[in-house]
Amino acid sequence: MIETPAALTVVVPAIDEAEALVSLLADLAAQRDVVLQVLVADGGSTDQTVAVARAGQAEVVSSAPGRGAQMNAAAARAIHPWLCFLHADSRLTHPRQLADAIDCLGADDPTRVAGHFALRFVRETRGHAFFYRYLEAKSATSRRYTINGDQGLILSTRFFDELGGFDTRLGFLEDQRMAAAIAAAGQWRLCPHRLATSARRFEREGERARYLLMALIMAMYTAGVSRFFERAPGVYARQSQTRRLRLGPYIDLLASLWRECGTRASLAVSWCMAGVALSQSWQPFLAVDVALEPLVGRGGHARRLHDRLLRPLLQNRLLQGVLMLAGLAWVFGPLWLWCRLRNK
């Protein structure tokens, strides 16, 4: 009996991504044992993105700009039972990557399950090797707040429709909202093979600055501080508009919001942020594992130590409070000093 290949609709949101799109479309064309419909969701490109997409046998779906809106518009045109969302600068690393992903998710019962890939960064510059190794290891954990759009997303069309598609209230963070919705309604699985992704945003904006700004964005998002995003200057620029990041304006904005909201409201928000940070206490232990990997291999020993010993201790409310207060002092002490120096 000959098995019927799985059928998958691939959605690629793009704005001015002609150069990156060529390689991804070639990777998709080389995929084996899967029937593909490829949709490029164009948000108003001014370069050759549309021409490149059509030359690569992809269908073009025009949409208003905004990654979530673009992907929703293309997903509405899907004809296959599976959906896969990939960024334009992604690269597939195995000829059966998509077929193996569907096998991993369970083609017979795809209800309420979604998959993502661990990352491998493609870099143009040297340096910061540990930083990228850490990000790659983090992308394979499937833990809360670690699953992002650049890791790909595969799920059944039915599950996607049940979730209501991507949340488009902001022009970004649609991936985090979708990740949370999937975790609440179903389960995540790590699919075989790594997904290569460009490190270009980190390299252009600066690795440390981009990572710190990402942490600030997530803190504001989880604490529900919508005014930060309404007033943040270019908090997440289009790839074609990226340049070296300056964190000063964002710290100034944070200080302004603190003054406007008043001490009580600001402390309440800060307490919420500290709780989220505490839930990520495993990350320093992951960093230890990454640092020791050249010596002891991939064992995850430090992370397991955290999960077995420290995580149960952190359930103690008194200890939680002490650590959260220490965290607030560590973060907002420098912020207070920054404000004093700027006002002199």
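This is a predicted model: local features need pLDDT of at least 70, side-chain atom pairs count only at pLDDT 80 or more; totals for chains, interfaces and linings use all residues.

Reply: Residues are numbered from 1 along each chain as its sequence is written, and side-chain values use heavy atoms, with hydrogens and water left out.

Me: What makes β1 and β2 a pair of strands?

Reply: Strands are DSSP runs of E with at least two residues, and helices are runs of H or I with at least four, numbered from the N terminus. Two strands pair if DSSP finds at least two bridges between them. Strand β1 (residues 6-14) and strand β2 (residues 34-42) run parallel and are joined by 9 bridges, so they meet the definition of a pair. Within them, L8 stands opposite L36 in β2.

Me: Why are β3 and β9 called edge strands?

Reply: The open sheet has 7 strands in the order β3-β2-β1-β4-β8-β6-β9, with mixed pairing. Both β3 (59-62) and β9 (187-190) pair on one side only.

Me: How do you know that β10 pairs with β5 and with β7?

Reply: The same cut-off applies. Between β5 and β10, which run antiparallel, there are 3 bridges; L92 has L195 as its bridge partner in β10. Strand β7 (residues 119-122) runs parallel to β10, with 4 bridges, and F121 is partnered by T197.

Me: What is meant by saying that helix α3 lies across β1 at an angle?

Reply: Contact means heavy atoms within 4.5 Å. Axes are lines fitted to C-alpha atoms, for helices over the stretch in contact, and angles run from 0 to 180 degrees between N-to-C directions. Helix α3 (residues 67-75) lies across β1, β2, β3 and β4 (82-85) and runs at about 145 degrees to β1. Helix α7 (residues 174-185) lies across β6, β8 and β9, at about 110 degrees to β9.

Me: Which classes of residue line the second largest pocket?

Reply: Its lining has 5 nonpolar, 6 polar and 9 charged residues. Asp, Glu, Lys and Arg count as charged; Ala, Val, Leu, Ile, Met, Phe, Trp, Tyr, Cys and Pro as nonpolar; and the others, Gly among them, as polar.

Me: Why is the pair of F85 and F160 called tilted?

Reply: Rings of Phe, Tyr and Trp (its six-membered ring) pair if their centres lie within 6.5 Å; planes under 30 degrees apart count as stacked, over 60 as edge-to-face and the rest as tilted. The centres of F85 and F160 are 5.3 Å apart and their planes stand at 35 degrees, so the pair is tilted.
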